[in-house]
Amino acid sequence: MISIKNEKEIELITHAGYLVSLTHQYLKKFIKEGITTKQLDKLAHDFIIEHDAIPSCLGYESYPASICTSVNDEIVHGIPGDYSLKNGDIITIDMVIGYKGYQADAAWTYAVGQINEKKQQLLKYTEEALYEGLKQVKPGNRIGDISNAIENYAHDHQLSVVEELGGHGIGQEMHEDPWIPNFGKKHVGPRLKPGMVICIEPMLNYGKKDIYQMPDGWTIKTVDQQPSAHFEHTVLVTDQGYKILTPRLDKNEN
Ligand code: MF3
Ligand code: CO
């Protein structure tokens, strides 16, 4: 069942989303050669707590950190640790923040120093794929319209689509209905209605689509060791279209 959020719920998710945006903006200035992913996690944890909010990943199904840090060929759910960032890396920071019982979720892939052209293309087209998906968010459209737009955009730019992971509804729970694959046919799936809150999150690979999970039980990587990128927004379906609840403050979004 896809829930329709009331005004109060939307207000709380909007605030959670704003805190996600603020935390991303805060972390961005620390994403430089030499910092460890564990240090980034600690910065995020303390920043979130100081804002009277909850780092919802911490303890979720026993996940041991407040954010996910996925470097280069890591796609999602990388666990922060002793790895120190190197010039030329890409790192995805993915986080869910809870505020008064409501969640918001956003992931961005960042460049560390100067990245090569291949990684630049990967980041550019993965981010654009998210916005292609967002263009389909309006009442009456179906989930498949989002999926199909993302898949077409990825394939037009020679990127492959991770099939095992995708977007989702969000609210009191981090993951609610519907499931939003980043591939599929248009005109199929549930219809969007005002008041739904969903996360759209293309995960695109430079090489092949195949993935595997590390023995740590979390980190998901590309089999061919090529880099992967991930861009995610939490959005509210409105009467006209959508509103981004996790705006990029570094790009003056919203
Ligand atoms: N945005 C990630 C997801 O939707 C957050 C995962 S938190 C974790 O899967 F605890 F599961 F890692
Ligand atoms: Co998500």
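A pocket here is an open set of grid points with protein on both sides within 12 Å along at least five of seven lines. Keep that in mind for the first stop. The model is predicted.

Stop 1: Go to the largest pocket, which holds about 330 Å³ of space. Its lining has 22 residues. Select H77, D94, M174, H175 and E201, the closest of them to the pocket centre. Then colour the lining by class: 11 residues are nonpolar, 5 polar and 6 charged.

**Stop 2: the cobalt ion.** Keep E201 selected and show ligand 2, the cobalt ion. E201 coordinates the ion through OE. Along the chain, the donors are spaced D-x62-H-x32-E-x30-E. Now select D105 and E232 together. D105 sits in strand β5 (residues 102–111), and E232 in the loop between β13 and β14 (233–237), so this pair ties together parts 127 residues apart in sequence.

Are these two residues buried or exposed? D105 is buried, at 4% relative accessible area. E232 is buried too, at 0% relative accessibility. The cut-off for buried is under 20%.

**Stop 3: the open sheet.** Select β6, β10 and β13. These 3 strands form an open sheet in the order β6-β10-β13, with antiparallel pairing. β6 (160–161) and β13 (228–230) are the edges; each has a single partner strand, so one side of each lacks a neighbour in the sheet. Next, pick β10 (residues 203–205). 3 bridges join β10 to β13. Finish on M203, which stands opposite H230 in β13.

How values were computed:
Residues are numbered from 1 along each chain as its sequence is written. Chains are lettered from A and ligands numbered from 1 in the order in which they are written. This is a predicted model: local features need pLDDT of at least 70, side-chain atom pairs count only at pLDDT 80 or more; totals for chains, interfaces and linings use all residues. Side-chain values use heavy atoms; hydrogens and water are left out. On a 1 Å grid over the protein atoms alone, a cavity is a set of points where a 1.4 Å probe fits but cannot get out, and a pocket is an open set with protein on both sides within 12 Å along at least five of seven lines; lining residues have an atom within 4 Å of a point. Grid points are joined across faces, edges and corners, and a volume is the space filled by probe spheres set on the points. Ala, Val, Leu, Ile, Met, Phe, Trp, Tyr, Cys and Pro count as nonpolar, Asp, Glu, Lys and Arg as charged, and the others, Gly among them, as polar. Two strands pair if DSSP finds at least two bridges between them. Helices (H or I, at least four residues) and strands (E, at least two) are DSSP runs, numbered from the N terminus. Donors are N, O and S atoms within 2.8 Å of the metal (3.2 Å for Na, K and Ca); water is not among the atoms, so sites may look incomplete. Buried means under 20% relative accessible area, exposed over 50%, partly exposed in between (1.4 Å probe, protein chains only).
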